[in-house]
Every structure is written in C-alpha cells, then in structure tokens.
Amino acid sequence: MVQRRLPQPLQHSTSAFSILLALMVSGFAMVGASGCATYTDHVREAKQDALQGRTQQAVERLNKAIGAEESHQYPEKLTSENTLMLLERATLLQAIGKYKLAARDMMIADQQLDWLDIGAQGKAKIGKYMFSGSSVKYRAPPFERLLLNTLNMVNFMAVGDYEGAQVEARRFSIVEYFFLNDESKTLLPESLALGNYLGGVAFEATGEYNQAARYYADAYRYGLRTSRFERRLVDLFRITGYGGKGKGDAVQQLVDRSRAGSVLSFEEYRKQYVDGELLMVVQSGMAPYKEGKKYPVGQAIAYANAHSYNYNYTLSAKEKSRAREMAVSGALKWISFPQLTEKGLPGQRNVNIFVDGREAAVFMGSNIERQVEHAWERISGALMVAAITRMITRAAAGAGAREATQQATGKSGLGILAQLAVEGSMLAADKPDTRSWSMLPGRIKLARVRLPDGSYPVKVKVAGRTESRNVEIGSGVRVVNFSRNR
Amino acid sequence: MTFPIRGTMKEFQTFSVILALGLMAHLTGCAGQHMRGSENPALDQMTFSLRFDRADLDRLYKKNIEELMDSSIMGQWKGQAQNGAPPNVAVFPIRNETSEHIRGSLDALVSKIETDLVNDTPISIIAQESQGALISEVKRQQSSAYDPKRLAEYGEQLGAQYYITGRIYDVAERTKDARRVQYFLFLQVLDVETGAIKFQHEASLTKALIG
Amino acid sequence: MRFTRLFAGLLAFAFLATSFAIGCAPQYVRDTEKRDIDEAAMSTRLDRKDLNRLYKENVDKMMSSSVVGQWERQAAQGEAPVVAIFPMRNETSQNLALDALLSKFETDLVNQTAADVVSHENQAELIAEIKRQQSSAYNPRRLAGYGKQLGAQYFVTGKVYGVREQVKAEKRQQYFMFVQVLDVETGAIKFQNEAGLTKGFMK
C-alpha cells in the first residue's frame, strides 16, 4: 500500500492542528458539561408563576425574555423563539383581562407562525428542524395553529368587538379547511368543535344567523353537544332553512327536526337565544410540554417502532443494523429527543361557576391535554426515525473524519481527536427542540346562561381558588373569560 | 515563528478578504436602519402583508371615486345643487366581510372618499365625525345595522337623502408554501327613502405571500 | 496546500452563500407586481376567477333575456320596475364567498338595467321563505305578500350547489350555479339559467 504523505507545509502544521483540535474538544466538553438551556428552561419560571396565580409576574418575566420593558411593546426583531414567547405572553395577558394587547400579540404570532408538516419533508429536513433549535422557525402543530384563532375570538368578544371576532372565525375556517384537506391525523375533533362554536357565537351575536348556523353545525358535528345547544340549533335551522349538507348524520337529524313545527320569527329567536346571553369561558390547568431526554440507541429504535403511524418514516433494516453496530462500536451512544411530560403541572382541575349565587352547568369546550398527547403520539415516531437517521449520519461523519485524518497524518491519536471534534461540534449544536405553546390551558370549559338585564356577580372556582367579576347584561351576548387561576 | 501553512500567505490574505466581504454582507443584510418615505420613495411601494397599505388604499379609492364622479347619480346631485337644493349625503363605514383585520384601512378609505366629495362636489356631506355615537352604534351593530332599512333609519335621523356605504369580501386560500387573498370591494350609494341602490361599483385587488 | 486552499475557498463560499441566501425568504406581493397571481388554482373552493366565470355565464344570459327587455320597456314608459335581489343560497358543504356574487349581480343590475334595484340581504325571514320555494311549503301568495311589503315586482335569487368526489388523494368538486328571476305577483319564473364549473386536486 502506498503511504500518502502530506505536503511539507501541512506536515508542519500538524502540531498547530493538534492544539486546535484539543481546544475544540475541551470547548465542546465544557459546553456539554454545562448543558444548553432549552426553550422549556427559558419559560419555566414564568410557567411556575402562572400556575401559582402570579400572572402579572409571569408576564413581566416574558417581557424581559423578549426584550420588552412593557406589555404594550413587542420584540423589534421577530425571531422564532420571540414569536412563540409573544404567544405565551398573549395567553397570560388574556388571563389578566388585557384583551386588546393579547389580541395584538396573537395577530402578530398569527402572521409569523408556520406549522409542522411531516408529510412530504423527508427525514433529513425533519431531523434538521428538530435539532436546530431556535435557529429554525418554530413550526406549530395544527392544533396550536387552530387554537390561536380560537382564543383570539375570545379576546375580541370579551371587549364586544364582534367584527374582529368574525374575522378570526373566518381565519379559523381557512386554516381548518387546509388541515382537513391535508388529512392531518393529528387533530382531534374537539380541536375543531370549540373554534366553530365560538365562530357561531360571533355571527349569532350580530344577527348573521346563516353564518351562525354553519359554524354551530360544525361545532355539533365535531362533538360539542348539550341538550340546550340542540334546542338552539333546531330553532336556528328552522329560521334559516339551513340544510346541513355534508355535515353528517347527527346534524341531519337536527335539520329533520327543524322541518317540523311552526316557524319562529327572527325577533323571537333573538329574544330567546341572543339577548341576555352570558357565555363564560374558563381555561384551567396547563398543557403537557417537552423536555429533552437521552434515549439509548436500542430504546430509541424500539420507540420508533412502537409509534410508527407514517409509513414514510420507518427505519430500514439496514439503518437499524447500522445504528446497532454503531452503538456497539461506541460511535453512536444515545439519541437526544424531546419527551412529552406533565412534570410540575396540576392534574385535572374541578371548575365551578356561580352566577348570582347559582351554580351554572359546565360543559367541555376542549380537552387540550388530550389533543397535545394525541398529536405527539401520532408524530413522535416519525420524529424519532428522523433523529436516529440524523445521528447515524453524524456518527458516520465523525468516523470518516477519523479515517481521513489518520490516513493523512499517520497518527491515530489525531484521528480520534478529529472524530471527537466533528462529533462534538455536531452534538453541541444538537439540542432537541422543546418549543411548544406551553401556557395553553389543559382544558377549556364553557357555561352559558340567559339572564334579564342587570348586573350580576360571577364567581369561578378552579382548584379552590376563586376569580370574581361583575358582569352587565343587556341586549346581545356577553362573553367573559376566566384563565387567571390554572 | 514560521507561519503554520508556509507559502500560503497570499491565499490567507485572499481568504481573509472573502471572509470579510461575507461578514460585511451578513452584517449589512442583518442591520436595519430607520428612514422616511421622503428619503426612500420606494418605501411605500413595498408589500409587507396581506392587508391594505397606502398603495392599495390609493388604488381602491381611485377606482371607485372615478366611477362615482362619472355616475348618473352624481349628475343628478349636481343638477339638484344647481337648482339650489344640494342633497344631504351620509357616509357610513364599509362593512368588513374578509378574513383580515382591515378596519383601520377601511375607515381611512371612507375618509378619503369623504374628502373628495366635500372638496370637489356641491353635495352636502354629513361627515363621520359629526355622527359620533351613531357611527359607533353602526359599527357595533355590524350586520343588523347594515340592514338597508336600519341604515335608512339612521340616514333619516341625520336628515340625509342618500347614504354611501360599502362592503368588502375576500377569497382567502393557502397552500403549504403560499397564501393569497383576493379582495372584492363594492361601493354603494343608496336612496334613504326607497332603499334603491343608485350606484354600485366593484373594485378588486389581490395580495399574496409566495414562497 | 491544495487541500487547505480548497477548504478555505469552500468555507468562504459557504459563508458568502449563506449571507446572500437571506434574500430568498417568502415575500409579499401585490397583483400589480405579479400579474398572474390570480391565475393559479389554490384549492377546490371558488376563487375570483371561478366566481367571475360562473357569474358571467349567468349574467350575460340574463341581460339578453326577455324579462330584462321588458324592464327596459317599462322604464321607457316611466314605470321602472323594482327588483329585489336576495343572496345566493349556498347548498354546498363549503364556505363560499357568495355574498361577493350577490354584490356582483347588484352592480350589473344597477349599472346595466333600467330597474330600480333594492338589496334585501338582511331580510332573512323572506330569504327563508324563498328557500322553502322548492318545497311543499312554498306559497306563491305569501311571496306576493312579501313583494308588496317591499314594493318589489321581481325577485332575483339563485343558489350554488356542488358534488364532491374523492378517490384516494385526488379530489373533484363540481359546482352548479343557478339563477332565477321570479315575478312576485304570480310566482312565475321569468328567467332561469345554470352555469357549471369544476375544480380538482390531481396528483
């Protein structure tokens, strides 16, 4: 075998090269030892404050994190992490009744937020997205994207701006249509029910009953069902002649019921179902969030197999074998991967609502906790496959660097250093993406009552803590939000 | 000390220049600066969102005002004015039926129309400012207030014989890489007494975000 | 040395390329900047091009119909008819911009016929009555009664319905737009026309 020799200048550089490599390795070791802060770490304290009811303090922490002195300011530069933090802040501003600021923040996030589509991206792209942290734009799962418009409808309706709420309802519909057409299997029906229900409220409040009928029909179709809501729908279908085409059997049954019986006048409908209505939206608990975890290679492969819902993202036998070989040789030790957790979060909260001293019937608007878990379950297998593939590539690059350096220099020590430098630089940059809209509530519950004109005390109890407010009832619908006590 | 890579000083210098250029490009690409439209006329021409900016408002406004000025109802009003009885015309907000928050832009558009009608026609415009609480009520009631009968009642309260209003709709679509909003703006003149539409014009505009 | 030069050159190139690649992000455009922006089909719903086409097919026929001719003759005798126009009924499962379609009809009726056009988009009860027009609940005398209240002699109404089919990932949506002019007093249909259009998603 012909021994290739480096040209002279490069031979002379090997000592400098060694020093450089040693520096790089120790540098990355230090970084590795100290640990890189993830998104979860950045919002941890604000979350704790929010959970303890210190919402204003939580807002101030987030203001600091995005470089704003006051809540009316927003970041000069909208990076991916800033945008997500803006959304977190919006959730808390809503909780303390700053609806216009919350709406403004959500509208900014709405323009910036992209969504995660694992459909056609390919393992390499997904892997890159997962591990490039804040350098890559945050991609929200579809349910977060829909909840943005849903919760923003609450912001607008809380201040009586039904035009704004209707714009958000239309925006919700556009995004909903896109995800339904994409056959996104990460969405649970209840993620669509609440948004459609609130859209129905927004249009019904201003007498646009045809539009209200369409939105309410979808809310019913996707599972928001109470006997009082059914009566409302039957009468709404009756006055509008809504046919319920394409909305499924459950809606069709209501349409059939609406055909019987005498026609209600619009004025009668308004008096019975719109004037004097009070809708209370209660957000409690907090959605599960992500933390980075190290999976040994074998466990990672088993995880990918167990959560395999997308045939585009499976490990081939060759890839599995390569990964196992690398684990044995020590070239591939573990996979860093985000794990969904509820650590530190409250469990399911009891919600009691009292209007003028009388308890109101509460119904489920959306179980966001369940949606988060379901969406993660559907995609995490594909993400793990992408992570393993990426790690195999990295380990191969490291091994390649060792081979090349050993050949070039004839020194195996340098080769090892080169491998460690390449792997180390990649590993140091590789922290799993733990970003998510973590201030989302675990559940959203609703209560709806009709009252004569007047002023009424409303008390909402969540896990023993009470939030009280006085609400004025007159003509039309009043919408009030309670989300300070989680 | 011998330079570690002998004979490569020239290459090092070349490399440094390239690196410096790249760094400059990177930095100037990232660094921003504040400026006025008078300093950079192109500032108003750039497209920043799917909503309306000044260029869009000017365009929509122009398309509609030209038609209104040339319409038969304007001719009729001028005739009435010449006979010493200029009509009273109220201007109501344009109804937003789109998926974009453009209320501010629509109010600005109405103000532009009012300005030209006040300055360039003999009709008597009942300005929005003087309608105060009434306009807030109109905006608040939204749909029910846009019932032509209801608007006619408001018009009567103001002593108007005609009112100008409008509606804007959109078709908004998105794919994985693109978004498009196609706007349809309809400007109307209605007779308070009969509810008849005496003028109507459609102006359209499209904004998109393409990847 | 060759290796070093090559490496340095590649590094510099990559750095420059990254710097200038910042300009390749998505960008907002107006239709005046990108003339063909309205041409592409982006979904199976009705966009401006579709609405214009469906509308044009119907309105061209309506404008050259005998009933519009009759309006001209009535107007010439000083008795311009009052025509009330109602929103297009959406009989599809989709949220369509049919209000825009209504306004387009209004615009052409106002600008191109001698009729006095009255918009009743918020006469919801009347609309519901017209919806019942095609059922056994339809009562032409009741319709005439409404017409008298409004002072209208003719109603322009319409509906859009659709057929949606899907095979695996490929979809087809066929739209049918149907326009009518009704004589309020007699309930007779004085004009009727149907236009169709198809949108699809094919792989």
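**Terms set against values**

Modeller: Let me begin with a surface total, keeping in mind that this is a predicted model: chain B has an accessible surface of about 9900 Å², and carbon and sulfur atoms account for 53% of that area.

Colleague: What makes up chain B, and in which order do the elements run?

Modeller: Chain B holds six helices and five strands, and from the N terminus on the order is α-α-α-β-α-β-α-α-β-β-β. Of its 211 residues, 51% are buried, and among contacts between residues at least 6 apart in sequence, 64% join residues at least 24 apart.

Colleague: How do you know that the span of helix 6 of chain A agrees with its number of residues?

Modeller: Helix 6 covers residues 99-112 of chain A, and because its 14 residues at 1.5 Å a residue should span 20 Å, the 20 Å between its end C-alpha atoms agrees with the expectation.

Colleague: Which residues have the most contacts inside the largest nonpolar core?

Modeller: That core has 94 residues, and those with the most contacts inside it are M157(A), Y197(A), F237(A), W437(A) and L446(A). Beyond its neighbours within four places in sequence, M157(A) is in contact with residues including Y162(A), L198(A) and V479(A). A second, separate core of 46 residues includes I126(B), L190(B), W71(C) and A97(C).

Notes
Residues numbered from 1 in each chain as written. Chains lettered and ligands numbered in written order. Predicted model: local features only at pLDDT ≥ 70, side-chain atom pairs only at ≥ 80, totals over all residues. Heavy atoms only, no water. Helix = DSSP H or I, 4+ residues; strand = E, 2+ residues; numbered from the N terminus. Buried < 20%, exposed > 50% of the residue type's maximum accessible area, 1.4 Å probe, protein only. Contact = heavy atoms within 4.5 Å. Areas by Shrake-Rupley, 256 points an atom, 1.4 Å probe, with all protein chains shown as cover. Core = buried A, V, L, I, M, F, W, Y, C linked by side-chain atoms within 4.5 Å. Expected span 1.5 Å × (residues − 1).
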